[in-house]
Structure formats: C-alpha cells, structure tokens
Amino acid sequence: MTLNQIFYFQTVAQCQHFRLAASELNISQPSLSRSIANLEEELGLVLFDRKGRTVALTKYGRIFLEHADRILSEVQTAEKQMKKLAGNEGHVDIAYVFPLSARYIPHTVRQFLEKSKNEKISFNFHQSYTREMVNGLKSDQYDVIFGSYVENEPEIQFVPIMNQEMIVITPLGHPLAGKRCPTLKDLEDHPVMGYDRSSGLGGFTSRIYASYSVSPRIICESPDENAIASLVAENFGIALVADVEALDHFPLEKIHLTDVNLRHTVYMAYMKDRYQIPAVRSFISFIKKEGTSI
C-alpha cells in the first residue's frame, strides 16, 4: 500500500466517479482503476460498489476512508511542519553551563530573535555539564552547546566566545583577602571548595593545579559557582572560580592572584559535518559575528 493509492482512494470516494476522479488526479481512468483494484486485492476487501458510471463506498470502504483521511491529514501536517523548519520558522535546541544562564544566553538569544528574519524561530533551553552536553550534541539532542572545550572530539567544532578570569573567593574578612600579593600557592594553606571533577571547570582547575605544582586540600566538590559561593560565604573554605555574575549575589571577597593570569575560555560547539536547518545555521552565524567577547 502506498500513499498514492490512499490518496487515489480518497479522491474516488469524494467524487464517487472514476472518470471524474481520474480527471482531478490528472491520470488515466484505466490507471486509476488498476490502482484501486490492487489496493482492494491487497486489503482483501471490496471498497466500492460499482453502479454503472458511479461508485459508492461499501461498509468496509467507509471504515477505510476514516483511516485514509487521518493518514493524509497527518501527511499534510508533517509537510507543513517540515516546510516551516526549512524556512524561517525553525527550531533550535541549545544547552549551556550554569554561568551563562543569568545573562549571556537570555540576552544573546533575545538579540537574535529581535532580527526580523528570525522572529518566528523557537528555542528549547537546557542547562547541564559540558560532558553531558557533548554527548547530547552527538546524539542529536542538542543543536548547539555552550561550555568548556573537550579534547579528542574531532567531529565537533569548538568556537571560542568569551574568556573568564579565574579568581579566588573567600569569606568576608578572610586573612588571604588582606594579603598584599596573594599567589596560587596560598591556596594550600586553607580548605578549598572545588568544582565537580566531571565538569569542564573541574578538569580545568585540576590542570591548573598540576601545571603549577599546587596541591590544595579540597574538602568539597560542587557543580557550579552558585553552590561553591554559598559554602564559601558561610566560611567553609575558599575557592578558585571563574569570575561570573552569580558571585555578586554573595557576601564574598574577590581576590586577583598576582603571580599568574588564569583565564578560562567558554566555547560554542556544534557537529562539524551534520546537516543543519536554516534556523540553526543562522543562530551559529549570529553567535560568531555578534555573540563573542574575545
């Protein structure tokens, strides 16, 4: 059974006449008759009562017409939806790390949508860790992600969009805040809150400590700056974190290290050779042109 056969059947049922239906379908009457006969043979049922030049649906033809109408309606709906996706009414699934949720993502997507050609594009927003987002990108769950760089992912294109300074945060009045020239090595003298080691920044800070031969006493791992800052503000320890807006909501000291200049780069990422609908291509192009601060 083919969609053409279902469409031919529906047209004959509406016209109740093979010749008129053939004319409407722009095919020969013998071809139409053969198609309906093949459909009836395949179903094992008679769908039409032939009455001279006209035809009428049998009881079983009426039942089949209900299914045919639903099938062809779904096909039309699918076709309309696909045309929207192929045009200026597409949909974009994005995912991003927590620090970008306060301003960067909402502000940047709003700027993109304010351009007249993009106003009918819709978005789904997801927040997660970089590794989970990479897996989601590869499984088609996401179209574009924003997070840390991940090594050994040759199929993914990483585009740098911003740099974040790495600073030390401490409770108010902490001894390190009053030190004249604080250094990375000073972290060894205090309990330290760390990022979850499975996160992008968790791996980044671990590499920093290894590179500078620093061995901090990490007493807790947390998923993001919000969780880390909450603990630091309550005097559980200090932390090396990215300087993000979320920190401004906590009573903290921000310390800029004097011996190293540490910066964490945030990336936009997408699959290199995977087909992208126009909406996704437009969003990626917009970020490259207007959504970077590097």
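**Entry 1**

I began with strand E1 (residues 48-51) and found it joined to strand E2 (residues 54-57) by four bridges, the two running antiparallel. I took helices (H or I, at least four residues) and strands (E, at least two) as DSSP runs, numbered from the N terminus, and I let two strands pair if DSSP finds at least two bridges between them. I noted that this is a predicted model, in which local features need pLDDT of at least 70 and side-chain atom pairs count only at pLDDT 80 or more, while totals for chains, interfaces and linings use all residues. Residues are numbered from 1 along each chain as its sequence is written, and side-chain values use heavy atoms, with hydrogens and water left out.

Within the pairing I looked up Asp-49, whose bridge partner in E2 is Ala-56. E1 and E2 form a hairpin with two residues between them, and I recorded that Gly-52 in the turn has a positive phi of about 65°.

**Entry 2: the parallel pair**

I then turned to strand E3 (residues 91-96) and strand E4 (residues 122-127), which run parallel and are joined by six bridges. His-91 stands opposite Ser-122 in E4. With helix H5 (residues 104-113) included, I could write down E3, H5 and E4 as a right-handed β-α-β unit; right-handed here means that, with the strands pointing away from the viewer, the path from the first strand over the helix to the second runs clockwise.

**Entry 3: aromatic rings**

How many aromatic pairs does the structure hold? I noted 13 of them, where rings of Phe, Tyr and Trp (its six-membered ring) pair if their centres lie within 6.5 Å, and planes under 30 degrees apart count as stacked, over 60 as edge-to-face and the rest as tilted. One of these is the tilted pair of Phe-9 and Phe-48, at 5.3 Å centre to centre and 50° between the planes. This pair links distant parts of the chain, since Phe-9 is in helix H1 (residues 3-15) and Phe-48 is in E1, 39 residues apart.

Is Phe-9 buried or exposed? I have Phe-9 as buried because its relative accessibility is 0%, and Phe-48 as buried because its relative accessible area is 2%; buried means under 20% relative accessible area, exposed over 50%, and partly exposed in between (1.4 Å probe, protein chains only).

I next looked up Phe-158 and Tyr-267, an edge-to-face pair at 6.1 Å centre to centre with 90° between the planes. This pair too links distant parts of the chain, with Phe-158 in strand E6 (residues 156-171) and Tyr-267 in strand E11 (residues 263-271), 109 residues apart. Phe-158 counts as buried because its relative accessibility is 12%, and Tyr-267 is buried, with a relative accessible area of 18%. I also listed a cluster in which ring pairs link Tyr-104, Phe-112, Phe-123, Phe-125, Phe-146, Phe-283 and Phe-286.

**Entry 4: salt bridges**

Side chains of opposite charge can pair when their charged atoms come close. My search of the whole structure gave ten salt bridges, each being a side-chain nitrogen of Lys or Arg within 4 Å of a carboxyl oxygen of Asp or Glu. Asp-186 forms one with Lys-179, the closest N and O atoms being 2.7 Å apart; Asp-186 is buried, because its relative accessible area is 7%, whereas Lys-179 is partly exposed, at 40%.

Lys-185 and Glu-188 meet through their side chains at 3.4 Å, N to O, and I have Lys-185 as partly exposed at 41% relative accessible area and Glu-188 as partly exposed at 28%. Glu-188 is found in the loop between E6 and strand E7 (191-195), and its C-alpha atom is separated by 34 Å from that of Phe-158, 30 residues apart along the chain.

The side chains of Asp-243 and Lys-254 meet at 3.0 Å, N to O. Asp-243 counts as partly exposed at 28% relative accessibility, as does Lys-254 at 36%.
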